[in-house]
Structure formats: structure tokens, C-alpha cells
Amino acid sequence: MEAEMEMIEKNETWKLVDRPSDKPVIGVKWVYKTKLNLDGSIHKHKARLVVKGYAQKPGIDFNETFAPVARLDTIRTLIALAAQKGWKLYQLDVKSAFLNGVLKEEVYVDQPDGFVTTNYKDKVYKLKKALYGLKQAPRAWYEEINAYLVSCGYVRSTSEATLYCKTKEDSGTLIVSIYVDDIVYTGSSEELIDEFKTEMMRRYEMTDLGLLYHFLGMAVIQTESCIFINQKKYALTLLDKFGLNQCKPVSTPLVATEKLCKDDGSDPADENEYRQIVGSLFYLTATRPDIMFAASLLARFMHCPTKKHYGTAKRVLRYIQGTIDFGIEYQKGKEAILIGYCDSDWGGSQDDMRSTSGYAFSFGSGVFSWASVKQHSVALSTAEAEYVSASEATTQAIWLRFVLEDFGELQTDATPLMVDNTSAIAMTRNPVFHQKTKHINRRYHFIRDALQDGVVDLRYCMSEEQVADIFTKALPKDRFNYLRGLLGVKPVTNLEGNVEM
């Protein structure tokens with residue numbers, strides 16, 4: 001508690017004032033971080049002063065609360081680019097980040113228990129800077145660090161609000177990505193990297209974590225030949241939580257011949273636990289694209305799941321048990337040329353006959369952006385389903401091109417988008433197919449403009465080499481393992497022996 005109060009006073013977070021008559025005063029409380037001792041007892045090892053933010057009223061003591069955070073797609077793109085360039089990734093952690101955010105609103109809080117100033121018991125604190133628990137604290141912190149980085153000459157990306165780049169002709173490039181109080185940075189210039197670290201540690205209370213090794217639950221292994229990311233620790237926690245840490249593994253997440261639907265005749269399952277499993281699986285897809293389709297399929301039955309749905313979710317966990325060491329490998333030395341794959345499964349949903357779209361993007365090794373989503377309307381043919389899927393992949397390709405341009409990797413040529421349906425390609429290239437496409441929502445036709453503008457280039461690829469097939473349907477073991485390898489998903493054990501620490 002004393003250490004926390006010392007940090008707050010040092011930071012000039014507040015000042016003692018008379019209790020206002022026209023403004024509400026918000027309560028505060030002490031919250032403790034705890035850890036388990038070897039004897040099973042609980043040890044409180046850190047205290048944090050938290051505002052009772054639930055008592056705040058909009059328009060009185062807070063207005064805007066939104067604060068951007070980096071997309072996982074952006075983080076993985078940065079990791080893939082660093083691997084391709086042979087750059088090292090570094091990490092800084094901001095101590096008590098929210099305490100640095102300057103408040104625009106008038107906010108008053110009570111004096112904390114145990115630290116009431118003698119002879120001034122009736123006074124309260126007026127906040128100059130944010131405290132944890134305030135609704136606007138994340139936004140205040142973001143505005144503070146954004147203003148500082150811009151003043152230091154960093155250019156904020158227009159496509160990703162938490163991405164900053166700095167380029168010097170004689171030095172090179174530095175790229176910074178911020179996720180609340182975690183800062184990841186990399187670049188071609190050791191001079192810029194050292195300069196950035198020095199500036200940040202001078203401005204804020206920072207912990208220099210050195211090489212990036214753990215970020216948002218992802219383990220990051222940097223070797224001489226690649227960068228590898230996985231979530232083994234989280235996967236083990238997941239299996240333990242749902243009582244499957246000793247289960248028998250299976251070779252694929254889904255049975256290829258089995259279809260799921262809402263009313264399958266089986267008894268209702270525990271909705272709460274089912275949702276927990278599906279939500280946990282989605283978090284695991286940050287480094288496991290091989291379970292993306294399974295997670296998105298199970299998410300269609302969040303309301304009133306059945307025993308069959310629950311059993312399928314448990315099967316995915318059993319697949320994870322057998323692939324606990326798996327993650328994505330980004331190889332070094334590949335060209336930074338964006339390549340996309342898109343596919344669809346026509347009428348894949350048994351309940352409404354809508355198709356499933358899937359896409360993936362890479363630099364030629366591990367994928368760093370992918371999706372598996374049900375289409376918004378019913379497709380009348382395979383070609384139409386593929387056409388819609390290609391349009392959705394094009395929107396992602398355009399955004400990735402913007403991000404890569406901010407990274408300094410301008411994509412001068414059109415992005416190849418691999419499609420395994422010649423009719424869909426013909427529909428994109430030739431308006432003569434108007435009779436077959438006149439009923440398709442106009443939002444999907446922008447792919448024709450993207451093709452004419454040289455943003456994407458639809459190319460035919462054989463169905464056997466269509467990587468995105470793994471995001472649209474359940475596959476047999478051999479086919480699944482082959483495509484999983486093309487995604488760059490492999491076990492970490494293959495990397496032992498040349499890990500940089």
C-alpha cells in the first residue's frame with residue numbers, strides 16, 4: 001500500500017481540496033494481487049488503489065471512454081515482417097500505465113482507507129491524472145502516449161491507431177506497436193531502437209523486458225532461422241480447467257463426416273460451460289489457425305447447445321491435447337510479398353444453408369491473418385459462394401496492404417489472391433456474367449474495382465493446394481495435416497537447440 005501511495009504521490013496524480021458541493025465524490029478501494037505459497041496459503045504481494053468506477057455518471061465525471069488497442073492481425077503481421085527481415089523484437093512494460101493519463105474532466109475521490117490525512121479528514125482528492133478503475137483511464141493513457149510519440153517524430157498509422165513508425169534516411173526504420181501498457185518494437189536500426197528505449201524510460205516508469213518472449217498470452221521464440229509463436233501454457237490451463245489434462249488425444253478437431261445443426265435430437269447441455277469452452281477456443285486461435293473453423297462452427301450454437309455440440313467442443317480440446325506444442329513458424333529470409341488464399345463451402349450450414357467463407361494471408365511461410373465466417377446471404381451456386389468469399393478476402397487484403405505500407409513495405413504489385421473456382425474468377429473479370437450476379441449484394445462487387453485498380457489479382461490454384469480449405473469445412477486426417485503444414489503450424493520441438501534468449 002505504501003509503495004502504491006508513494007508511486008501516486010511521485011506521479012503528482014492528485015491534490016487535496018475541499019469537498020465540492022456541486023460534484024459527486026467517488027469512493028476508492030484497495031485491490032490485491034495474490035499468489036499461492038508452497039504450503040497452499042495465499043500471499044498478498046501487491047496492492048493497487050482502484051476507483052469505484054461503477055459510481056461514475058456519464059456527462060458529469062466522464063465523457064468518452066474508448067481507447068484503441070492493437071489488433072492481433074497487426075501484431076502477427078509485425079512478427080512475420082520481423083522474421084522476414086531478420087529483425088529482433090523487443091518489449092517494454094509501463095509501470096502503472098494508467099497513472100500517466102492526464103484527465104480533462106473534474107473528478108473527485110475519497111481519501112483511501114489507512115491514508116487519511118490528519119486534520120484534513122473532511123477533504124477529498126481532485127484527480128489531475130487517472131487512477132485504475134476510472135472509466136476514462138485507458139483513453140487518457142492512450143492520448144498521453146500518443147501525444148508524446150507524435151511529438152518525438154513518430155508517424156501514427158491511419159489504418160491502425162496503436163501503430164507508430166519512424167524512418168531516418170541515414171539510420172533506418174523503427175516500428176512500435178502498443179497494447180495498453182505493453183509496447184513491442186522492432187526495426188532495422190539499432191541506433192533508433194536504443195534511442196526509443198532511452199526516451200521511453202526517461203519519460204515513464206518502465207521495465208525493460210529485452211527480447212520479446214511473452215505477449216498477450218503468446219510465447220514468442222526468436223531463433224536464428226525463424227520466429228515461433230504458440231500458447232502452450234494457456235492450452236495446458238484450458239485442459240486442466242475442463243478436466244481433460246489426462247484425456248486421450250485425437251488427430252483432427254472435427255469428424256469429417258459429421259454435420260452439426262441446432263436441433264439434433266440430443267439433450268440440452270450446460271450452456272454456461274459450453275460458452276466458456278468456445279470462448280477459450282477463440283482466444284487460442286491467436287496462434288492456432290488449425291482450430292479456427294472448429295471454433296467458429298461451435299460458436300453458432302451458443303444459445304441452447306446440445307450434448308452433441310458439447311461433445312464436439314470436448315473433441316476439439318482432445319485435439320489440442322495431442323498438439324499442445326504446436327504454434328506458427330515464421331521463417332526468415334522470405335520475400336515480403338503478400339499472398340492470399342480464399343475458399344468457401346457452399347451451403348455448409350445445415351440450418352439456413354448459408355455458405356462458409358475462409359481466407360488466409362502470408363509472406364510464403366506461416367500465415368498471419370485468417371478468418372472463418374458464415375456468409376450473410378444464401379449463395380445460389382458454388383461460383384457465387386466463391387465470389388463472395390473472394391470479396392471478403394479482398395477487404396482484408398486492402399487493409400493489410402495499408403498496414404504494410406505503414407511498415408515501409410509498399411506492395412507495388414497486385415496482391416495474388418488464390419481461388420480454386422474458375423467461374424468465380426470469370427465473374428470478377430467479365431461483366432458479361434451479369435445475369436448470374438445481378439442478385440448479389442452490391443457491396444461484394446467492389447472486388448471488380450480492386451481488380452481493375454491493381455490492388456488484387458485473382459489467380460487459379462488447384463483445390464489440392466487451396467490452403468483456405470481448412471477454414472471452411474471439417475477435413476479427413478491426411479488432408480487436414482497437409483493443409484495444417486501449409487499454414488506454418490508445427491510443433492515447437494523442431495526448434496530446440498538454436499533459441500536466442
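**Cores.** I started with the largest nonpolar core, which has 96 residues; a core here is a set of buried Ala, Val, Leu, Ile, Met, Phe, Trp, Tyr and Cys residues joined through side-chain atoms within 4.5 Å, with buried meaning under 20% relative accessible area for a 1.4 Å probe, protein chains only. Helix 9 (residues 382-406) gives the most to this core, nine residues, helices being DSSP runs of H or I of at least four residues. A second, separate core has 47 residues, Met5 and Ile178 among them.

I'm looking at a predicted model, where local features need pLDDT of at least 70, side-chain atom pairs need 80 or more, and totals for chains, interfaces and linings use all residues. Numbering runs from 1 along each chain as its sequence is written, and side-chain values use heavy atoms, without hydrogens or water.

**Phe407.** Phe407 is listed with the residues having the most contacts inside the largest core. Beyond four places in sequence, I found Phe407 in contact (heavy atoms within 4.5 Å) with residues including Thr74, Leu81, Cys165 and Ile175.

**Gln222.** I then looked up glutamine 222, in strand 14 (residues 218-222). Glutamine 222 counts as buried because its relative accessibility is 3%. Its side chain reaches the backbone oxygen of leucine 89 at 3.0 Å, and a polar atom of that side chain lies 3.1 Å from the backbone oxygen of leucine 212.

Methods
Helix = DSSP H or I, 4+ residues; strand = E, 2+ residues; numbered from the N terminus. Buried < 20%, exposed > 50% of the residue type's maximum accessible area, 1.4 Å probe, protein only. Polar contact = N/O pair within 3.5 Å; in protein donor to acceptor, adjacent residues only side chain to side chain.
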